[in-house]
Each structure stands twice: as C-alpha cells, then as structure tokens.
Amino acid sequence: RFTLQPLEINQTETFLTQWFEDIDPAWGEALVKRLSMEKELRQMAGNPLFLSIMASIWQGYEEDGIVPDRGEVYRRITDFLLETWTEHKNIRSAFSADQKRLILRKLALATHSRHRRSMTEKEIIDVITRHSLGAGLGINEFGLLLRELWQRNELLVQVSPSVFEFAQLSFQEFFTAQELSDGTGNIDTLLSHIAEPNWREIFFFYAGLARDPSPLIRHILEDTTDDIFYNRLISAGRCLAEADSANPKLREKIIQKLWDIYLLGEYPLLRD
C-alpha cells in the first residue's frame with residue numbers, strides 16, 4: 001500500500017504555471033495568489049486531483065471574467081467528484097449524485113456536531129439508515145453506497161479498516177453548511193454554535209450558500225457585546241464578503257464600523 005504525499009507549495013506553483021502556460025500565464029498567477037490568501041483551498045491544492053479540478057474551474061471562470069467565491073468553488077469541486085469524475089473514468093454508478101449529496105450532508109452535520117472528524121463504519125451506516133427513505137435507498141444498498149463514496153468519488157477516505165473521514169476538513173464544513181442552509185429553521189442550530197471556533201468556517205460557508213444570510217449576520221453582529229479585538233464585527237464582515245446578497249442597511253452599517261476600526265483602531269495588527 002502506498003500513500004501519495006501532498007504537493008508542496010513550490011510544486012503547486014509549478015503545476016499551475018505549466019497548466020496556464022499556453023493559455024494565459026496571468027490566470028495561473030491569479031490562482032496562486034488566491035491560494036496564498038485562503039488556507040483551506042491551499043491545503044486542498046496539495047492533492048493533485050483536487051488541484052487539477054481547481055485549475056479547470058478557474059480557467060472556465062477566467063474566460064467568463066468572473067472571480068468565483070469560495071462556496072461556488074467548493075460546489076463545483078464536489079459536483080465534479082460526484083458526477084463528472086466517474087463519467088471521465090467510464091464508471092457506472094449505482095446511485096445518483098443527489099442521493100450521495102444528501103447522505104454526505106447528513107454525515108457532515110452529524111460528525112461536526114459531535115466535534116469530530118472520524119466516523120466508524122457503523123456510525124455511517126446508522127446515518128444512511130435514518131435517511132434512507134428520503135434518499136430512496138434500499139436496505140441492501142447501504143454498504144455499497146459507502147464504498148462508492150470513498151473508492152470512486154474520493155470525498156471520503158478510509159483512515160483504518162472501519163474508520164472514515166472526509167478527504168478534507170473543509171469538505172465536512174461545506175456539506176454541513178449546505179445542509180443547514182437548506183431550511184429556514186436551521187439558523188437556530190447554527191447560532192447555538194456561535195462561540196465555537198471550529199464552527200467559524202461553517203458560518204462563512206453558510207453566508208455564501210443561504211438565500212438571505214442577513215438574519216445570521218445580524219445575530220453575529222448584535223447578539224452580545226463584542227470583545228476588544230472586534231471578533232464578532234470582523235466575522236460579520238467575513239460573512240458579508242461571502243454573501244451574494246444581504247440587507248443594504250446592514251451591509252452599510254458593517255462596512256462603516258470596519259472602516260472606523262481601520263482608521264481609528266488602537267492596534268496595527270487589528271487595522272491590518
């Protein structure tokens with residue numbers, strides 16, 4: 001058994017330079033800059049398959065003159081792994097992408113809610129069993145679905161004979177946010193984790209996925225008194241940056257507060 005080591009930063013940059021060499025070198029430089037700014041995407045880029053998908057997605061967006069937000073990048077990557085990847089390999093799947101997506105969302109929320117990365121095979125089968133009716137799965141298909149998710153779609157990895165986890169923590173965070181953004185009542189579940197650091201990225205993903213993230217952003221901004229480092233305000237600003245739409249007055253209020261800190265903040269690092 002062999003384990004492929006992640007690409008190092010200089011290897012990633014070389015890969016992208018060569019990918020875009022005959023297309024437009026500036027696009028490769030732009031993607032390298034984007035990866036340097038976003039830790040989660042940079043970690044994902046260590047996987048050659050994921051890096052190839054990112055380069056392909058970026059090329060398509062550059063041709064259209066659009067810079068995709070992070071949520072859209074993850075949606076395109078996961079869609080590719082659930083649909084296009086198996087088509088390229090001429091593999092027939094026993095399950096639809098929608099069936100797999102539903103189960104992955106349920107698995108992600110169940111696992112993240114327990115502050116864990118790993119899932120035992122029994123825990124995964126229990127989740128599939130609970131949601132099998134909604135996913136249209138037969139009782140004899142549960143094990144086959146799990147095998148497809150990690151052997152073919154590569155969104156889950158097997159870390160020991162009966163233990164699995166998402167290939168990247170950011171996939172777990174993305175699918176959790178996707179599950180919570182699907183229903184109006186789920187904002188209460190999200191807000192119950194507002195003080196937990198390992199839920200921060202899910203808040204940002206949610207802001208980009210939700211039809212109207214204004215209620216979430218307002219809660220982050222106004223729920224309690226902020227600390228001396230303005231963590232709530234800056235988190236609200238991060239959510240605002242991810243959101244496609246938000247209440248205009250709320251947007252203006254956050255921008256003004258951030259601008260005031262930039263001009264008048266006591267600490268240089270905070271201003272930066």
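The lining of the largest pocket divides into twelve nonpolar, seven polar and four charged residues. In this count Ala, Val, Leu, Ile, Met, Phe, Trp, Tyr, Cys and Pro are nonpolar, Asp, Glu, Lys and Arg are charged, and the others, Gly among them, are polar. The model is predicted: local features need pLDDT of at least 70 and side-chain atom pairs pLDDT 80 or more, while totals for chains, interfaces and linings use all residues. Residues are numbered from 1 along each chain as its sequence is written, and side-chain values use heavy atoms, with hydrogens and water left out.

**The largest pocket**

Select Thr3, Leu4, Asn47, Val157 and Ala167, which are the closest to the centre of the largest pocket among its 23 lining residues. The pocket has a volume of about 650 Å³. Next, colour helix 4 (48-64), strand 2 (156-160) and strand 3 (163-166), the elements that give two or more residues to this lining. Strand 2 gives the most, with four residues. Helices (H or I, at least four residues) and strands (E, at least two) are DSSP runs, numbered from the N terminus.

A pocket is an open set of points on a 1 Å grid over the protein atoms alone, with protein on both sides within 12 Å along at least five of seven lines; a cavity is a set where a 1.4 Å probe fits but cannot get out; lining residues have an atom within 4 Å of a point. Points are joined across faces, edges and corners, and a volume is the space filled by probe spheres set on them.

**The cavity**

There is one cavity of 30 Å³ or more. Select Leu31, Arg34, Leu35, Leu41, Met54, Ile57, Trp58, Pro68 and Val73 to show the lining of the largest cavity. Helix 2 (25-37) and helix 4 each give two or more of these residues. By class, the lining has eight nonpolar, no polar and one charged residues. The space inside is about 50 Å³.

**A salt bridge**

Now select glutamate 83 and arginine 101, which form a salt bridge with their closest N and O atoms 3.1 Å apart. Glutamate 83 lies in helix 5 (residues 70-88) and arginine 101 in helix 6 (residues 97-113), 18 residues apart. A salt bridge here is a side-chain nitrogen of Lys or Arg within 4 Å of a carboxyl oxygen of Asp or Glu. The structure holds 19 salt bridges.

**The whole chain**

Zoom out to see 16 helices and three strands. Along its principal axes the C-alpha trace spans about 60 × 50 × 30 Å.
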